[in-house]
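Hello,

Here is the structure I promised to pass on to you. Have a look at it first, and my notes on what turned up follow below.

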Amino acid sequence: MNLQVFKNGYALVSRSCTLPEIEGEGSASVSLGKPPKHACHGTLWLTAGKDTTILGMRTESSTAPVAAPCTNVPSLLTANVGSAVAVKLHNNGDGWLEGKVVNVAMERVSSGLGSESAGKGLLVLQCQDSGKDEVKVVPLQDVVEVRGTTGEFKISKEEKQKKQEVVVDYRGAGGTASLMHLRLGFCWAPSYHWQLLDGQRATLSGNATIMNESEEGGVFEKLQCVVGAPNMKFGHPPGSQQHLAVLEPAFRR
């Protein structure tokens with residue numbers, strides 16, 4: 001990702017990818033990663049080389065499983081359904097109740113924002129009592145600790161996470177394509193130091209302080225500080241031959 005910072009709070013953010021060459025009249029699609037969240041003034045440009053024709057740009061949504069950490073006792077028990085655990089109850093002194101987790105039935109309450117967990121419910125355990133299987137039902141709010149009794153104790157659970165990405169359709173020679181947009185949240189300020197060495201020589205050094213009040217993070221491959229402010233002129237970005245300039249919001253959730 002590259003960043004060009006202006007002195008009035010704006011920055012030009014760009015990221016690049018390589019488009020493979022397409023022979024003949026065929027076309028292909030390539031992902032450019034996540035869509036920009038805070039493109040301002042309708043600025044969104046996609047540029048490519050002069051021998052590449054951009055056919056279109058769109059977003060695609062998909063879901064992928066991710067490992068989410070368990071943050072409380074009910075989520076730990078839910079992640080370990082079918083596994084052997086030991087639970088400590090607040091009214092059971094120092095004793096532990098061991099068994100296999102059969103089910104965790106969470107109580108749901110309705111609110112204005114939908115159905116939410118109230119932290120209450122029932123834990124169903126299959127226990128051994130004098131060599132016989134016994135099913136015990138324990139209120140979840142009575143469980144204060146949980147631990148595994150075998151080596152297979154999970155501390156995370158699988159959740160579905162929605163993902164969006166920008167996809168470009170093109171044909172031609174391929175090469176480097178860049179997705180660019182203006183956004184607020186960046187600024188920079190210079191400072192200079194002038195030192196006289198003798199009657200004929202002097203040194204001048206300078207540095208720049210970058211202010212980042214956005215959520216953009218990570219390492220920028222290229223950072224430039226621009227003296228001045230952007231001149232809003234829609235159309236071809238400088239030096240582009242093939243382009244797709246979007247003046248209306250391109251990404252709608």
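Cys17 counts as buried because its relative accessibility is 17%, where buried means under 20% relative accessible area, exposed over 50%, and partly exposed in between (1.4 Å probe, protein chains only). The structure holds zero disulfides, a disulfide being a pair of cysteine sulfur atoms within 2.5 Å. Cys187, for instance, is in no disulfide, and the nearest cysteine sulfur, that of Cys225, is 9.7 Å away.

Please keep in mind that this is a predicted model, in which local features need pLDDT of at least 70 and side-chain atom pairs count only at pLDDT 80 or more, while totals for chains, interfaces and linings use all residues. Residues are numbered from 1 along each chain as its sequence is written, and side-chain values use heavy atoms, with hydrogens and water left out.

Now the overall picture. The protein has one helix and 16 strands; helices (H or I, at least four residues) and strands (E, at least two) are DSSP runs, numbered from the N terminus. Of its 253 residues, 31% are buried. Taking contacts (heavy atoms within 4.5 Å) between residues at least 6 apart in sequence, 70% join residues at least 24 apart.

Thr150 lies in the loop between strand E10 (143-148) and E11. It counts as partly exposed because its relative accessibility is 45%. Its C-alpha atom is 8.1 Å from that of Ser83, although the two residues are 67 apart along the chain.

And which strand holds Leu204? Leu204 is in strand E14 (residues 202-212), and it is exposed because its relative accessible area is 56%.

Enjoy exploring it!

Best wishes
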